[in-house]
Each structure stands twice: as C-alpha cells, then as structure tokens.
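The sequence and structure come first.

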Amino acid sequence: MSSSSSPDHGGDSAHRLALEEVEEAEALLEQHPPKTERALGDARPGGRRGGGGLVTLAWGLPGFVWLGFYLIAPLVFIVLVSFWTRTDTGFVKHWTLHNYGVLLHPFDLGNAYWSNMLRSFYTSLIAVAACLVFGFPVAYFLAMKVQKLQNQIALFILALAPFWTSFVTRSVAWAYPLMGREGALNRFLTDIGISSIDHPLLDTQFSLLSVRLAMIQLYILFMVTPIFFLLAQVDRHAIEAARDLGGNWLRTFREVILPQTMPGIVIGSIFIFVLTMSEYGTVQVIGQGAQSSVGTYIQNQVLGIQYPQGAASAVLLVVVLILGVFGITRFANLREEI
Amino acid sequence: MTAIAPSVERTQDVVIRRKVKRRPDYAKWGLATYFVVFLIFLYAPMILMGILSFQGYYGGVTFPFRGPVSLNWWRSIFESQVGNVFTHADEISAAGQRSLWLSLAAGGVTAFFAFTLSMAFRRRFRGDSFAFYVIMLALMTPGFLLGLGTQLFWKAIGLQTDMWASALGANSVWGIPFGFLVMLAVWNRYDDHIEEAARDLGANQVTTFREVTLPLVWTGIFGCVLFGFTLTWNDFDRTVLLVLDNTLPLEIVGLIQASAIRPDLYALGTATTLVTLVLILGALAVVTIRLRLRGRRVERVEEELGLVGAIDAEAAAAARAE
C-alpha cells in the first residue's frame, strides 16, 4: 500500500481535491482491508487459539514416531558406524576418526571423493538451471494459457505419464536406442550428413554429456510441478491490474508473477539439486561404468563391504546437501510463502 | 470482522467499460508449440522403446530394427514360453504385482502422514522450525544411505528386514516431505474462516473436519498419494537392500546385470506407461465424479440433520412474516 507517487501540480485545486479523495480512500482501505489481503497477510494464523497444544500433538505425534523409526534411527546409526572400525565382514565398535581422515586428507581434487563430489555438483547445477529454463515455459503454458482445469490436468498427466515407467527402463532406452552410437540421434545426424556412425559428431554413447542430458529428462517434472502449482494460484486480478497500470509483459512478469512463483522455483531447485547430487542408478545405467559420481563412489565402498568408510562418505555428502539446500532456501521463506 | 463498511464511493469501484480489442494470442501458440516439443523430448525414449518392442526374434536393444515385425516380445511379457524361447514373464509379473501393491500402500501411508503432519503445522508450536527441518531431512537423505542405514540398524537390533515391515517404511519416509510440502501449500491458501463459519453454524469438530475441511483439501491429498505412489514405483536405492523378493525396478536391474536385456524390456516399459496412464486417468475420473456428487452439499446437510424441507419452510415462514 504505497502512498501515491503522482506528480503534484502545486496550485491545481481540483487535482488536490482528487488527491485528498484518494488519501481518504486509502485510509478507509486500511481500516477495512479487503478480505484477500487479510488472508494473505495472516495465512498461517500463529497461535490462533490457546490450548491447541494437545490437538497439535495428536496430529503430529504419529508422523514423527514414524519418521523417528524409519528415518532418524537409521541415520543416527549410520553416523555411529562412520566412527567405527572396519573389519573383513563389516565393522566393530572401536571408535576412530580414520574414516573421516581419509576423506579430508588430502582435502583437494586429487582426492577421488572430492573430484567426484565436484563433478556431481556441476551436473547438479546444470540440471537445476536447465530444468528451470526449459521447465518454466511449460508450467507457464499449462497454468496461464490453458483455460479449462480439465485440460490443464489432462495435459499435465500426459507430461507425467513417462514417469510411471521405471527410471531403469527409461535409462536403458536413453542409453542405447537414443544416445548409443547406432542410436536414433547419431543416425539422424548421419542422415543429414554432419556425422557418421563410426566417427560420431557428438560423443553420446555412455558419455558424461549423455548422463547430464538424461538427468534433465528424468527430473524436469520435479521443477515443472511446483512452479505449475504456484502459477495456477497467482491472482489473475493482480496481473490484469499490472497491465491496466501500463506494465509491459516483462515488468508484469518480474514484479507480479515471479515473486509469487519464487517458492515453487525454490522447491523445484531443492528437489533437483538433492536428487541429482546423490544420483547413482542413472549414472550407472547410462554411463555403463564409464562415468562416476559421488553416488557411485559411495556405492562402490558399500559393495566392497567398507561400511564405515562408505558411511563417512555418505555423512559428508548429506552435510554438503544440507548446506546446498540451506543456500537455496535463502531465496524464499518456504513455510510462509508456498 | 463483523463491522460493515460504510457505503462510500470508492475509486476502485468505478467500472470503466470499453470495447476489448481481441488480438490473436501469439504467445499462446508459441508456448503450445514449445509444449509439443517438450513432450517429444520426454517421450523420445518411450517412442523408440515402443518401436523396438515390435522386432522379430533377432531383435536387439538398439537400432537397426531387426524384423520381421512381430508381437513376440509383447507376448513374452505375458507368456512363460514363446516359441522355443523361455521368457522372464513369471518373475516379471510377480515383481510387477509386488511393486504395484507396495506403491499403492506407500501412496496411502505417505498421504496419511503428510496430511496429519501438515495438520500439526497449521498452528505454531514450540520447536516447529526444528520439526520442519526433520521432515526436510527425509528429502535430503540419499536413498542408498537410508537403505543401508535401515539394513544395518535393523540387523543391529535383531530384526529381519522385509518388504512390508521395512521397505514400505523407507519408501514412505521418502514420499512424506513431498506430500508435506504440497499440503503446506494447500493450507497457506486455505481460508480458516470457513471452518469458523461451520462451527458458528453448530457443527462440532468432527463434522467440521469431515464435511468442510476434508472435501476442500481432497485434491492435495490426492497429490500426496500420487507422489508416494510414483516415487515408490520408481525406487531402486531404498528398496534394494531391504527386500528378499524383487520389486519391478530391482527385477529389471537384475536382468540388465545378467546381460539379459532384450526387447521384452521395451515391451514391458511401453506396457507400464500405458497401464499407469489408464490407472491414473481412472482415478482422476473417480475423483471428478465424487466432486460432482458433492456439489449438492446443502441437501446433504439437510438430510443428515433430518431437516429435509425444513430450511425451505423456515424461509417461507420468514417471508410470510414480512
């Protein structure tokens, strides 16, 4: 509710009268704010009624017991194991810092753990950026340009359908018939004369490029969904008002649509960052052993029954993930704004 | 809240009418074209998979297409023997059924906990920020870490892991933060005054919850089920260390590792896409019909209160009194 910023033409009494009227209206508005604004301002009525503690406890307790048993307990156990000593068949409870020492010394890219971490981080950054750039127009189209709700949902489900085929199957289909040396892409490039089967223009078979493109393909809907969800809720009247006030498309987008969509972008980025950082199944199927990530690195340690070492590597990865997510959440207050 | 605004001509009430000039929405058609390209990008592997699933006996996992065109690989996901070739049909169908039940159960469990947790978060409580990050921690925990942790922890406390006791838990924990965020978004847009109105009209807490709250957030809950189902249906990392019998993704990875990928995998992939598409559209239709039926809410309230016609009669009496 900013004050009027119209230029004041000093002596013009009619103008001043109009200004007074506006001020009066604003004062009235403040006394009787329209309902939508009140709803926005206090969307989560904190401590609305006293004595709700028991009700909150009753709603929350089952969920937290479930999370405690299936999430916290295994995690705590993993942290414990990461401080224990490895044996040939597993581990014994001899406290040691050795597992972390191996990871932190040397603390540079000569250490396979950190070079894998950095590669996964780049993959993640690329995936987040690409999913945002390519996914936003999709969400925008569905939410803003498709009028009927039924059509929105039908088109959305059409985009979602490939996700109900196991990612393993999709990865195989990606690795061989599409990106393989004899796959559709290279065949197409050969047909139009800029590549050849034996000497492909793009190194796609089992390559890092293929892995990164596949990540975009596999995860882009995790970005589209939350953005679509929030775009659908953007107040259409606000957009209309912005246009009526002379805002062009870009300005309307930047100052009306984007701020209201930001939480969706943040959530989508968190999803994709976390999922791609710790990815190993896709890397394995598409890279066919030629590619590695921090996920495959840890997996190899676990398969080699180096449980404490694998646990320490995984704990550090979670720390990195938490730092990353913490950084991303700086862009929006999730609890209040989604 | 009960104060009535005095009727004052407000500047924003003045309606300016002018002819709207319609011009073609180029942006819409541009974006529609982009959407089609996007769908092609998403479906490219599926389409290639579909094509290659119709190969003949010598068919491989990649091009060139080895004919003749046949339904052999499609038959081999349903029949245990096609011609003189033994197929993986039995294991695949068993794994598929296990996956389906597990995913449905995980969808239900996820929705239940996402919903109840989100109900707790509608009010502020002591330590709620910490609790919020505990739920988000479920999102940030890599799948194989949770799978490994569960396996080692259960072993340490002397329990045997299996599909229903542990894999269901590990998978639902994964779905809960997704569903929880969906529900938070729903509650942030939810008008609490509606519930107050229901209570003012004499509904008790249970009735309010059943007749007002639930129907309004039904779509959000459906979203939670979808998330739980989809994540579990696709899961490999969390499940692999915890089950004795394969789920579908485990079965497929097993076939790949045994270098036994053949076009039957493609037939299976194409089939699952089609089947799940039908399933979800069916579920959507059911929800739509339910919502349609709920459209006649006033009559239902009347019926339930045993007041059929009473409200009309009262209105008529009031009119007569005037």
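## Helix H3 of chain A against helix H6 of chain B

In this predicted model, A:Leu67, A:Tyr70 and A:Leu71 of H3(A) are in contact with B:Gly169, B:Ala170 and B:Val173 of H6(B). Sorted by class, this contact has 5 nonpolar residues, 1 polar residue and no charged residues.

H6 of chain B spans residues 163-188, and its axis lies 10 Å from that of H3(A), at an angle of about 100 degrees. Angles of 65 to 115 degrees count as roughly perpendicular, so H3(A) is roughly perpendicular to H6(B).

## Helix H3 of chain A against helix H5 of chain B

H3 of chain A (residues 53-81) also packs against H5 of chain B (residues 143-156): the two axes come within 8 Å and cross at roughly 85 degrees. H3(A) is therefore roughly perpendicular to H5(B).

From H3(A), the contact uses A:Ala73, A:Pro74, A:Leu75, A:Phe77, A:Ile78 and A:Val81. H5(B) supplies B:Leu145, B:Leu146, B:Leu148, B:Gly149, B:Thr150, B:Leu152, B:Phe153 and B:Ala156. The class count for H3(A) with H5(B) is 12 nonpolar, 2 polar and no charged residues.

## The interface as a whole

Between the chains, 80 residues of chain A are in contact with 82 residues of chain B. H3(A) contributes 16 residues to the side of chain A that touches chain B, the largest share.

That side of chain A has 53 nonpolar, 19 polar and 8 charged residues.

Notes
Residues are numbered from 1 along each chain as its sequence is written. Chains are lettered from A and ligands numbered from 1 in the order in which they are written. This is a predicted model: local features need pLDDT of at least 70, side-chain atom pairs count only at pLDDT 80 or more; totals for chains, interfaces and linings use all residues. Axes are lines fitted to C-alpha atoms, for helices over the stretch in contact, and angles run from 0 to 180 degrees between N-to-C directions. Helices (H or I, at least four residues) and strands (E, at least two) are DSSP runs, numbered from the N terminus. Angles under 35 degrees count as roughly parallel, over 145 as roughly antiparallel, 65 to 115 as roughly perpendicular and the rest as oblique. Two residues are in contact if their C-beta atoms, placed from the backbone, lie within 7 Å. Ala, Val, Leu, Ile, Met, Phe, Trp, Tyr, Cys and Pro count as nonpolar, Asp, Glu, Lys and Arg as charged, and the others, Gly among them, as polar.
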